[in-house]
Amino acid sequence: MKIEIDDNSGFCFGVVTAIAKAEEQLEKSGTLHCLGDIVHNASEVERLRLRGLKTITHDDLKNLHDATVLLRAHGEPPTTYATAEANNITVIDATCPVVLQLQRRIKEAYSCNRKKLEDGEIREMPLILIYGKEGHAEVNGLVGQTNGEAIVIQNAEDLDSVDLSRDILLYSQTTKSLEGFRHIVEEIEKRKKEGSFEYFDTICRQVASRLTKLREFAASHDAIVFVSGAKSSNGKVLFEECRKVNPRSYLVSDGSKLDITLFKGVESIGICGATSTPRWLMSEIADNVKCLIKGYV
């Protein structure tokens, strides 16, 4: 039986950088705080925990003083940096460069229009919309650039409650699908009767390009084992894409749920995962599959 790991799956460069920075600091001091899970994968979080990485919440941050904290690739709102400064916290900023650039663009647009409003050049602030997942760490950081005024839309139905008569600036969470973003753009253009509308394709191409390659990979095997943490939004989206082209696609967070009966009549198995899935975990699961098959034979 053929078992293949997808070369295009695994950590995106933003996550790779964040983990490298964490490991570098842990090598120096043996301990480090991280604001939120460094990556949405429980196995990788546990691996780093055993090396001394302590995951904290925003509430924990408020009560933490004189410590070192890593900000993960997802990015943070300005309030987080203010809290860190007030509490004499050393920040290791691992915000993904793509996310950081997007934060700056949104902040610049918001600040520029706020000044125009104060100077009387415009009567009303343009409405900033962010296509993304409500409550997602990256999205929280983006909304924070507008003092909480931006509106998050997750789908076309959310536009029902948006005042489309206002001037609109639309941005996207970096890990959303291009298809979904284009659909939102089309919906706004179809519904909008007055006011201006500008949209900015701010989706990370490293992530977006994986979709086509993943579909091809899933279609080239009899069965797919998709490895992803339960918290990964990207993982849920990519797994559904696998299942569309290959009904024999199975979602696992580790190798504990694998069963030889899943692969009955199968001649090739593909192992793939999300942008938050470590390569070592996919390799481990590939080995587990081999052991299952060997034991069955």
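# Close-up views of a predicted model

A search of the whole structure finds 21 salt bridges. The structure is a predicted model. The legends below take one site at a time.

**View 1. Glu23 and Arg51 form a salt bridge.** The two side chains meet at 3.5 Å, N to O. This pair links distant parts of the chain. Glu23 belongs to helix H1, residues 13–29. Arg51 sits in the loop between helix H2 (42–49) and strand E3 (53–56). The two residues are 28 residues apart. Glu23 is partly exposed, because its relative accessibility is 23%. Arg51 has a relative accessible area of 32%, so Arg51 is partly exposed too.

**View 2. Salt bridges join five residues into a network.** Which residues are linked in this network of salt bridges? They are Glu23, Glu27, Glu44, Arg47 and Arg51. Glu23 and Arg51 are the pair shown in View 1.

**View 3. Glu46 and Arg49 pair within helix H2.** Their side chains meet in a salt bridge of 2.8 Å, N to O. The two are three residues apart in the helix, so about one helical turn separates them. Glu46 is partly exposed, at 34% relative accessible area. Arg49 is also partly exposed, at 46%.

**View 4. Helix H2 has buried residues on one face.** Glu44, Val45 and Leu48 are the buried residues of H2. Why do they line one face of the helix? Seen down the axis of H2, the buried residues fall within an arc of 100°, so they line one face.

**View 5. Asn41 reaches a backbone nitrogen at the start of H2.** A side-chain oxygen of Asn41 comes to within 3.2 Å of the backbone nitrogen of Ser43.

**View 6. Glu240 and Arg243 pair within helix H10.** The salt bridge between their side chains spans 2.7 Å, N to O. H10 covers residues 233–245. Glu240 and Arg243 are three residues apart there, so they are separated by about one helical turn. Glu240 is partly exposed, with a relative accessible area of 34%. Arg243 counts as partly exposed at 38% relative accessibility. Side chains of opposite charge can pair when their charged atoms come close.

**View 7. Tyr171 and Phe200 form a stacked aromatic pair.** The structure holds six aromatic pairs. In this one, the ring centres are 4.8 Å apart and the planes lie at 15°, so the pair is stacked. Tyr171 is in strand E8, residues 168–172. Phe200 is in the loop between strand E9 (197–199) and helix H8 (205–208). The pair therefore ties together parts that are 29 residues apart in sequence. Are these residues buried or exposed? Both Tyr171 and Phe200 are buried.

**View 8. Phe226 and Phe239 form a tilted pair.** Their ring centres are 6.0 Å apart, with the planes at 50°, so the pair is tilted. Distant parts of the chain are linked here. Phe226 lies in strand E10, residues 223–227, and Phe239 in helix H10. They are 13 residues apart. Phe226 is buried, at 0% relative accessibility. Phe239 is buried, with a relative accessible area of 6%.

**View 9. Four aromatic residues form a cluster.** Ring pairs link Tyr131, Phe181, Phe197 and Tyr199.

**View 10. Cysteines without a disulfide.** How many disulfides does a search of the whole structure find? It finds zero. Cys12 is in no disulfide; its nearest cysteine sulfur, that of Cys96, is 6.1 Å away. Cys12 is buried, with a relative accessible area of 14%. For Cys272, the nearest cysteine sulfur is that of Cys242, 4.1 Å away. Cys272 is in no disulfide either. A disulfide needs sulfur atoms within 2.5 Å. Cys272 counts as buried, at 0% relative accessibility.

**View 11. Lys116 lies in helix H5.** H5 runs over residues 97–118. Lys116 is partly exposed, at 30% relative accessibility. Leaving aside residues up to four places away in sequence, Lys116 touches Glu121 and Ile122. Phe13 is 103 residues from Lys116 along the chain. The C-alpha atoms of Lys116 and Phe13 are separated by 37 Å.

Key
Residues numbered from 1 in each chain as written. Predicted model: local features only at pLDDT ≥ 70, side-chain atom pairs only at ≥ 80, totals over all residues. Heavy atoms only, no water. Salt bridge = Lys/Arg side-chain N within 4 Å of Asp/Glu carboxyl O. Helix = DSSP H or I, 4+ residues; strand = E, 2+ residues; numbered from the N terminus. Buried < 20%, exposed > 50% of the residue type's maximum accessible area, 1.4 Å probe, protein only. Arc of directions from axis to C-beta. Polar contact = N/O pair within 3.5 Å; in protein donor to acceptor, adjacent residues only side chain to side chain. Contact = heavy atoms within 4.5 Å. Phe/Tyr/Trp six-rings, centres within 6.5 Å; stacked < 30°, edge-to-face > 60°.
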